[in-house]
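Have the viewer open as you read.

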Amino acid sequence: MTIDDSAHHVLHLPSAIALPRAAPGAIQRLKLEFQFPPDLAVLFSACDTGMDLLTAKDEGTLKISDDDPLLLIAFDMADDNALRYVQGGNFNLPVGVPGALQWPGGGPPPPGAAMPHGVAAGLPNALGAFVAMQPGVNERSNGHYTLFYVQNQERVNDLCKAVQRETQFRRHGPMIAARLGLIEEPPLVTAVTLNSITGPPQRMPLFNCTV
């Protein structure tokens with residue numbers, strides 16, 4: 001999939017991100033086996049996250065507990081801004097979108113290059129790569145950056161703080177936006193944790209969003 005934005009750059013997005021892999025029955029399975037509410041079941045089944053979760057369960061590799069929660073990140077595949085955010089954070093959003101920022105240095109760093117000051121992670125999986133870098137976090141979706149084991153709840157809290165500290169990923173919620181005279185910035189991604197192999201998922205509204 002290619003997105004052309006004259007104000008930024010032409011991005012050639014990897015098929016693993018651009019193409020959903022939803023299978024028939026995925027919505028129902030998420031609802032029955034993990035107690036996903038209908039809205040989350042639809043969202044997570046329409047992108048790699050739901051299929052990665054179901055595949056891990058079917059393969060017997062899913063181990064979840066209060067001491068070893070699983071973090072799941074999903075986004076609306078039909079929302080180009082959400083896709084851009086996952087790929088490169090706020091730096092990758094088009095001019096005019098709330099929260100959009102210019103890349104430090106004028107453009108995204110080339111693959112394999114050192115990150116310039118102010119850039120936490122580069123294309124094409126900046127958000128997921130940054131999450132995977134955090135202490136106590138283990139990426140468990142074979143490079144899709146959708147599922148992450150986190151060492152404990154304290155590490156989950158630390159992870160949220162780390163995401164919010166980064167200008168590249170921080171989104172301003174309604175209270176702080178009003179205080180700063182900014183437009184509220186939608187989170188663009190949905191994060192939940194699972195503390196049990198039977199669910200239910202716990203929503204994380206402050207994963208990347210200040211209040």
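Predicted model: local features only at pLDDT ≥ 70, side-chain atom pairs only at ≥ 80, totals over all residues.

Residues are numbered from 1 along each chain as its sequence is written, and side-chain values use heavy atoms, with hydrogens and water left out.

The protein has eight helices and seven strands; these are DSSP runs numbered from the N terminus, with helices (H or I) of at least four residues and strands (E) of at least two. Of its 211 residues, 47% count as buried. Buried here is under 20% relative accessible area, exposed is over 50%, and partly exposed is in between, using a 1.4 Å probe and protein chains only.

Now take α7, which runs over residues 153-165. Its 13 residues reach 19 Å from first C-alpha to last, close to the 18 Å expected at 1.5 Å a residue (the expected span is 1.5 Å times one less than the number of residues). Val156, Leu159, Cys160, Ala162 and Val163 are its buried residues. They sit on the same side of α7 because they cover an arc of only 160° around the axis, taken from the directions from the helix axis to the C-beta atoms. On the face turned away from that buried side you'll find the exposed Glu154 and Arg165.

| Element | Residues |
|---|---|
| β3 | 70-74 |
| α6 | 126-133 |
| β5 | 147-150 |
| β6 | 190-194 |

Next, Phe169, in the loop between α7 and α8. Is Phe169 buried or exposed? Phe169 is buried, at a relative accessible area of 0%. Leaving out residues up to four places away in sequence, Phe169 touches several residues, including Tyr85, Phe130 and Val163. Gly89 is 80 residues from Phe169 in sequence, yet their C-alpha atoms are 5.1 Å apart.

Last, the largest pocket, with a volume of about 220 Å³. Of its 14 lining residues, Ala56, Thr61, Arg140, Ser141 and Asn142 are the closest to its centre. A pocket is an open set of points on a 1 Å grid where a 1.4 Å probe fits, with protein on both sides within 12 Å along at least five of seven lines; lining residues have an atom within 4 Å of a point. α4 gives the most to this lining, with three residues.

Conventions:
Contact = heavy atoms within 4.5 Å. Points joined across faces, edges and corners; volume = space filled by probe spheres on them.
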